[in-house]
Amino acid sequence: MDILHVKRPVPVAGLDDIPLPSIDTAAPQALVARCPVAAETPLMDAEAIATEAGVAHVWIKDERGRMGLGSFKALGAAYVIAHDASQGKAGGQTYVTASAGNHGMSVAAGAAAFGAASVVYIAETVPEAFALRLAEQGATVVREGATYEASMAAAMQAAEDQGWALLSDSSWPGYTARPHRLMEGYLVLMAEAIAQMPQAPTHIFLQAGVGGLAGACAALVRKVWGDGPRIIVVEPEVAPALHGSVAAGCPVESSGPVSDMGRLDCKMPSLIALKGLARDADAFALISESEGQAGAGTAMVAGLPSTPSGAAGIAGLLSLSETQRAELGLDGTSVAFCVLSEGPE
């Protein structure tokens, strides 16, 4: 595992017009509370993983059952659509997006709940099981391209051609309002975890694709717990979107083969997330495919079956060398926090 240590805040060029992540927990909590299937997800004290990691505790926020959709993404796009509905803007609308599965599930479920339609573009590499789950939620599923970026380009073109509402979980110049609100929805899980934890963690490992989850959680951590916790962002080594951009001091597109961590295999970061994490994160870690698989295997043995994407934060913690542990100040007294972001495929 490779780790880039930084001194906060990291200057990143080209983000002057990009907003920082929201820290308004009241708005999403109030709206989510009105959802009939909304329920707090559990925080697990994973003793077996703590023993293997050589720390005092590993607290895991288990998002596998969130709103029956199988991942934390249920808090994102569906929250945006619910907000639109509260303003009378969702009914009859068609929402279009690109997804590796979970974000599309949230778009599809949100659209179905509020009288809208959904079209989800997925890459050729997305498992057919996800395509079937999307269709079961009422989405029109379109396969386009070999990568997430190719399917995203197709979704953007469809939105322009058809007059549909583009609902991406990433952000770029000129497109920030919807993803900013979407990331605000993710605050719900971190607010729950903060209330559930008996003490502030010393170390927080957050997996990232475009960075929405990591950016939202890190922003709220800094608001509530200040500079105490060390925040480590974990990405696949073949898709170092945030790591590479922070190292370069500007947003850059990474290149590499397809990762088994499919939901994290994003080559460009969300600029909102990048701006927030450049301010809030202490380190950016890259894990190999085998390290990602090992993390998922450890989670399964501990009774928490997931995927290499869902358990990537755990994999980051477990993959540290002795030198890296020392650099992060991680030892037998440390308390780590991770998010188990999705259920098994």
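Me: How many residues line the largest cavity, and which lie nearest its centre?
Reply: In this predicted model, the largest cavity has 27 lining residues. Phe72, Lys73, Asp169, Gly209 and Arg263 lie nearest its centre. The search uses a 1 Å grid over the protein atoms alone: a cavity is a set of points where a 1.4 Å probe fits but cannot get out, a pocket is an open set with protein on both sides within 12 Å along at least five of seven lines, and lining residues have an atom within 4 Å of a point. Residues are numbered from 1 along each chain as its sequence is written, and side-chain values use heavy atoms, without hydrogens or water. Local features need pLDDT of at least 70 and side-chain atom pairs 80 or more, while totals for chains, interfaces and linings use all residues.

Me: How does the cavity lining divide by class?
Reply: The lining of the largest cavity has 12 nonpolar, 11 polar and 4 charged residues. Nonpolar covers Ala, Val, Leu, Ile, Met, Phe, Trp, Tyr, Cys and Pro; charged covers Asp, Glu, Lys and Arg; the others, Gly among them, are polar.

Me: Now the pocket. What is the volume of the largest one, and which residues lie nearest its centre?
Reply: The volume of the largest pocket is about 370 Å³. Its lining counts 19 residues, with Cys35, Ala78, Ala82, Ala113 and Phe114 nearest the centre. Helix 1 (26-33), helix 3 and helix 4 are the elements that give two or more residues to this lining. Helix 3 has the largest share, 5 residues. By class, the pocket lining holds 15 nonpolar, 3 polar and 1 charged.

Me: At what angle do helix 3 and helix 4 cross?
Reply: Two packed helices are described by the angle and the distance between their axes. Helix 3 (residues 77-86) and helix 4 cross at roughly 25 degrees, and their axes come within 7 Å. Axes are lines fitted to C-alpha atoms, for helices over the stretch in contact, and angles run from 0 to 180 degrees between N-to-C directions. So helix 3 is roughly parallel to helix 4 (under 35 degrees is roughly parallel, over 145 roughly antiparallel, 65 to 115 roughly perpendicular, the rest oblique). The crossing is right-handed (near helix turned clockwise from the far one by less than a right angle; anticlockwise is left-handed). In contact (heavy atoms within 4.5 Å), Ala77, Ala78 and Ile81 of helix 3 meet His103, Ser106, Val107, Gly110 and Ala111 of helix 4. These contact residues divide into 5 nonpolar, 3 polar and no charged.

Me: Is helix 3 roughly parallel or roughly perpendicular to helix 7?
Reply: The axes of helix 3 and helix 7 cross at roughly 115 degrees and come within 7 Å. Helix 3 is therefore roughly perpendicular to helix 7. This crossing is right-handed. Ala77, Tyr79, Val80, His83 and Asp84 of helix 3 meet Arg178, Arg181, Leu182, Glu184 and Gly185 of helix 7. The contact of helix 3 with helix 7 has 4 nonpolar, 2 polar and 4 charged residues.

Me: Last, the backbone. Where is Met67 found?
Reply: Most residues other than glycine have a negative phi, and most peptide bonds are trans. Met67 is not a glycine, yet its phi is positive, about 55 degrees. Met67 sits in the loop between strand 3 (57-62) and helix 3. The Arg8 to Pro9 peptide bond is cis, with omega near -10 degrees. Pro9 lies in the loop between strand 1 (2-5) and helix 1.

Conventions: Helices (H or I, at least four residues) and strands (E, at least two) are DSSP runs, numbered from the N terminus. Grid points are joined across faces, edges and corners, and a volume is the space filled by probe spheres set on the points.
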